[in-house]
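Good morning. Please have the sequence and the model open while I talk. I will start with the whole chain and then go to single residues.

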Amino acid sequence: MSNVVILGAGIAGFGASYQLNKAGVKPTIYDKRSHYGGHTSSHKFEQGFIFDEGPHISFTKIERIQEIFADSVKQEYETIDAYVDNYWNGHWVKHPAQCNLHGLPTEVNVDIITDFIHAQHNDYGPINHYEDWLKASYGDTFAENFPMKYGEKYHTVPASKMSTDWLGPRLYRPDLKEVIRGSLTNETPFVHYISHFRYPTNGGFVSYLDKFVSMADIETDHEVVEINPKIKEVSFANGKRREYDHLISSIPLPALIPLIVGAPDDVKEAASKLACSICVVVNIGIKRRDISKAHWSYFYDEDICFARVNFPHMLSSNNAAKEFGSIQAEVYFSDKYKPLQKKPDEVIPDVIRDLKKCGLLKEDDEIVFENAMYIPWANIIFDLDRESAVKTVHGYLDDIGIEYAGRYGEWAYIWTDESFISGERAAENCLKEIQSK
């Protein structure tokens with residue numbers, strides 16, 4: 001048995017403990033919160049409402065991960081065909097908007113299609129940032145009115161200050177026939193990268209972690225205050241200390257580096273340049289279920305405070321009592337680009353106002369529950385400082401033997417399954433060291 005310590009009881013930490021457990025190693029996981037789950041936590045409230053910390057679904061196509069998660073909830077999960085839509089200037093259109101323009105004003109469609117054709121037949125020039133990529137891919141009109149607007153709400157930073165190394169399959173690139181067809185009819189193929197997904201029947205998304213709880217000794221209410229890599233010891237705010245042979249961390253890199261004794265100034269400076277959004281998640285419960293046909297919706301208008309809305313009762317009917325529906329809205333801020341200047345609870349009236357503005361809430365709706373969650377680490381911001389800063393920080397952690405995992409350890413735009421696999425990979429690195437000794 002080797003003394004392996006994992007910092008962070010989120011899905012990456014459990015991915016690491018799962019891999020270690022298969023090799024006969026039972027690690028200890030420490031988390032500063034009073035419960036496990038990390039960013040994949042689910043919270044139960046009065047009147048039967050369950051809200052996750054932002055929208056979480058499992059849409060992995062990796063059969064091994066599908067089977068692991070399904071086994072964790074004893075095969076009790078919902079399989080849902082995704083329907084996603086967009087709200088723009090009073091119009092609802094199917095997602096992705098670039099090939100579902102039907103219903104938008106005629107002149108807007110004409111400008112989008114004209115610019116799209118121009119973009120497809122002309123060399124844009126060097127792609128220096130995300131704005132360049134958007135305009136080269138879709139033309140100016142669509143880029144400026146849709147993804148650039150949404151991106152600044154979601155990432156809190158203009159597209160001209162973002163890189164493109166996070167895109168992956170997230171932005172669909174249609175051909176001209178798809179764009180024209182989608183402008184003439186709403187009967188179009190569904191081409192979003194999430195076609196269907198799974199969600200636990202009971203207990204919210206965190207239930208996917210049930211299987212892994214027994215695979216580690218879990219110590220909650222343990223906030224790390226110092227890591228000494230020379231003597232291999234972690235110190236906690238409650239006064240406890242813990243020696244380790246191997247350490248895996250999913251603590252966000254900007255928070256991790258200042259904890260390490262002897263961290264060089266250039267590494268501290270690099271970590272301070274890494275940006276992450278803050279999310280205020282506003283949860284609303286109403287006495288009505290027929291709120292939307294979409295499972296989630298994107299919002300582009302600058303005068304609507306939230307970037308995205310999802311409906312938890314549509315993921316599992318057990319996320320709300322049978323007569324109630326639930327709405328979850330995401331409002332984004334960041335210390336680096338858009339500081340939060342009010343208390344999280346003060347965002348609730350703004351969200352209710354804008355839900356009424358777009359028609360998801362009716363004036364006579366009975367609101368039976370409202371709540372705001374403050375999420376200090378939400379989405380990695382892929383600004384132009386990120387790439388070099390991450391290389392510096394990761395290089396230092398490699399040198400001192402600290403493994404890193406998950407969205408905030410990798411400092412990458414990765415989903416649930418990828419976070420789990422990231423934890424497995426960090427554990428594999430530890431096991432190779434153990435086996436080599």
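One term first: helices here are DSSP runs of H or I with at least four residues, strands are runs of E with at least two, and both are numbered from the N terminus. Counted that way, the protein has 13 helices and 19 strands. Keep in mind that this is a predicted model.

Now the contacts along the chain. Take the contacts between residues at least 6 apart in sequence: 74% of them join residues at least 24 apart.

Of the 437 residues, 57% are buried. The accessible surface comes to about 18800 Å², and carbon and sulfur atoms account for 47% of that. As for charge, there are 46 positive and 64 negative side chains, and the centres of these two sets lie 2 Å apart.

On to the interior. In soluble globular proteins, nonpolar side chains tend to be buried together. In this model, the largest nonpolar core has 113 residues, and Ile 227, Ile 248 and Leu 397 have the most contacts inside it. Helix α1, residues 11-22, supplies the largest share of this core, with six residues. Apart from it lies another core of 25 residues, including Ile 286, Val 331, Ile 348 and Ile 352.

Which residues does Leu 397 touch, leaving out those up to four places away in sequence? They are Leu 253, Leu 256, Ile 257, Ile 260, Ile 402 and Tyr 404.

Let us turn to some loops. Tyr 413 is in the loop between α12 (406-410) and α13 (416-436). Is Tyr 413 buried or exposed? Buried means under 20% relative accessible area, and Tyr 413 has 17%, so it counts as buried. Leaving out residues up to four places away, Tyr 413 touches Tyr 154, His 155, Trp 166, Arg 170, Phe 382, Arg 407 and Glu 418. Phe 382 is 31 residues from Tyr 413 along the chain, and their C-alpha atoms are separated by 8.5 Å.

Lys 322 is also in a loop, between β16 (308-310) and β17 (325-334). The cut-off for exposed is over 50%, and Lys 322 has 76% relative accessibility, so it counts as exposed. Its C-alpha atom is 8.3 Å from that of Arg 289, a residue 33 places away along the chain.

Last, some backbone details. Lys 74 is not a glycine, but it has a positive phi of about 55°. Lys 74 sits in the loop between α2 (63-72) and β5 (77-81), and it is exposed, with a relative accessible area of 70%.

Asn 89 is another residue other than glycine with a positive phi, near 50°. Its loop runs between β6 (84-88) and β7. Asn 89 is partly exposed, at 46% relative accessible area.

Where is the cis peptide bond that has omega of about -5°? It joins His 95 and Pro 96. Pro 96 lies in the loop between β7 (91-94) and α3 (106-121).

That is the end of my part.

Methods
Residues are numbered from 1 along each chain as its sequence is written. This is a predicted model: local features need pLDDT of at least 70, side-chain atom pairs count only at pLDDT 80 or more; totals for chains, interfaces and linings use all residues. Side-chain values use heavy atoms; hydrogens and water are left out. Buried means under 20% relative accessible area, exposed over 50%, partly exposed in between (1.4 Å probe, protein chains only). Contact means heavy atoms within 4.5 Å. Accessible areas come from the Shrake-Rupley method with a 1.4 Å probe; for residues, only the protein chains shown count as cover. Lys and Arg count as positive and Asp and Glu as negative; His and the chain ends are not counted. The place of a charge is taken as NZ of Lys, CZ of Arg, CG of Asp or CD of Glu. A nonpolar core is a set of buried Ala, Val, Leu, Ile, Met, Phe, Trp, Tyr and Cys residues joined through side-chain atoms within 4.5 Å.
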